[in-house]
Amino acid sequence: MIGTGQRLDGRAAVRAATGDHPYVRLTTARAPGTDDEVTGYRFDDTVVWFDTGPHGPAGYAIGDAARAVRFLTAPPGPDGPPARLRSLHLPDLPNPTPVEFTHIGRWLYLSTTTAPAVRPGEERVVPLGEADHAAIDTLLDDALPDSTNRPGDGRVVGWYGIFAGRRLVACGADRSRADAGFLASLAVAGDQQGRGLGGTLTAALTRRLLTRYGHAALGVYVDNVGAIRLYQRLGYTDALPRTSLHLR
């Protein structure tokens with residue numbers, strides 16, 4: 001075990017223990033239609049917390065990844081998590097990982113509080129509705145087939161996109177929760193890439209979130225070097241490395 005930690009009861013306590021980091025705001029926000037509460041523990045410079053989530057109990061951590069894993073994979077009980085967890089979302093883990101998993105994703109949580117320069121064509125970014133759901137799915141199947149954010153997903157606040165004529169050529173999801181602004185599934189059709197549409201879409205949506213929340217954030221896999229460079233140019237320079245695991 002990793003010792004007795006300070007129990008953190010409720011979202012406010014977890015947020016305070018982590019300096020109210022935007023990632024913690026996002027992952028502790030109450031899911032729509034639920035009354036679940038968040039519980040966490042603090043071990044020196046490591047904070048862990050739990051969420052029932054839409055896909056089963058999940059564990060999160062900021063701080064020392066190895067320390068967090070030892071606690072989050074312990075048997076449920078007073079000295080471990082409240083239930084057997086189905087997924088972990090941790091600081092960057094070394095290879096090999098100290099836990100068995102069925103899927104692993106290494107990514108960066110990028111955030112900004114600075115508005116990007118206005119890019120040509122931002123006026124083309126428009127809200128999408130139910131009539132556009134089939135076009136969003138078609139675009140994601142082409143450009144981002146592994147995306148877990150799809151039309152009808154209750155986590156998505158709204159979809160936005162860019163049309164070329166009647167064809168949807170770029171789209172993105174506003175997946176903000178409570179007071180945490182977050183963008184997801186930013187995608188450009190394969191035959192339209194290299195024309196600046198991704199930057200235009202991201203800049204326009206970033207500006208929307210900054211106006212509402214005072215910050216904006218998104219996630220990107222660590223091997224997507226081109227996207228990381230684009231987001232950095234748009235002001236997303238605050239990076240929090242993440243390793244997400246689906247457990248056996």
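Predicted model: local features only at pLDDT ≥ 70, side-chain atom pairs only at ≥ 80, totals over all residues.
Residues are numbered from 1 along each chain as its sequence is written, and side-chain values use heavy atoms, with hydrogens and water left out. Local features need pLDDT of at least 70, side-chain atom pairs count only at pLDDT 80 or more, and totals for chains, interfaces and linings use all residues.

Helices and strands are DSSP runs, numbered from the N terminus (helices: H or I, at least four residues; strands: E, at least two). Helix H5 covers residues 197-213. Its 17 residues reach 24 Å from the first C-alpha to the last. That is close to the 24 Å expected at 1.5 Å a residue, where the expected span is 1.5 Å times one less than the number of residues. Twelve of the 17 residues of H5 are buried, so the helix is largely enclosed by the rest of the structure. Buried here means under 20% relative accessible area, exposed means over 50%, and partly exposed lies in between (1.4 Å probe, protein chains only). Among the buried residues of H5 are Leu197, Leu201, Leu205, Leu209 and Tyr213. The buried set also includes Gly199, Thr200, Thr202 and Thr206. These buried residues pack against strands E6 (101-112), E8 (158-164), E9 (167-174), E10 (183-188) and E11 (216-221), and against helix H6 (225-233). Contact means heavy atoms within 4.5 Å. Just after H5, Gly214 takes a positive phi of about 85°.

Helix H4 spans residues 133-143, and its buried residues are Ile136, Leu139 and Leu140. Seen down the axis of H4, they fall within an arc of 95°, so they line one face of the helix. The arc is that of the directions from the helix axis to the C-beta atoms. An α-helix has 3.6 residues a turn, so residues three or four places apart point the same way. Exposed Ala134 and Thr138 sit on the face of H4 turned away from its buried side. The buried residues of H4 pack against strand E7 (126-128), E8, E9 and E10.

Most residues other than glycine have a negative phi. Asp44 is not a glycine, yet its phi is positive, at about 55°. Asp44 is found in the loop between strand E2 (39-43) and strand E3 (46-51). Its relative accessible area is 60%, so Asp44 is exposed. Ala178 likewise has a positive phi of about 55° without being a glycine. Ala178 is found in the loop between E9 and E10. At 62% relative accessibility, Ala178 counts as exposed.

His21 is found in the loop between helix H1 (11-17) and helix H2 (22-28). This histidine is buried, with a relative accessible area of 18%. His21 touches Tyr109 and Leu240, not counting residues up to four places away in sequence.

Leu88 lies in strand E5 (residues 87-90). Its relative accessible area is 0%, so Leu88 is buried. Not counting residues up to four places away in sequence, Leu88 touches Gly59, Leu72, Thr73, Thr243, Ser244, Leu245 and Leu247. The C-alpha atoms of Leu88 and Ala12 are separated by 21 Å. These two residues are 76 residues apart along the chain.

The second largest pocket has a volume of about 170 Å³. It is lined by 13 residues. Thr73, Arg84, Leu85, Leu247 and Arg248 lie nearest its centre. A pocket is an open set of points on a 1 Å grid over the protein atoms alone, where a 1.4 Å probe fits, with protein on both sides within 12 Å along at least five of seven lines; lining residues have an atom within 4 Å of a point. Grid points are joined across faces, edges and corners, and a volume is the space filled by probe spheres set on the points.
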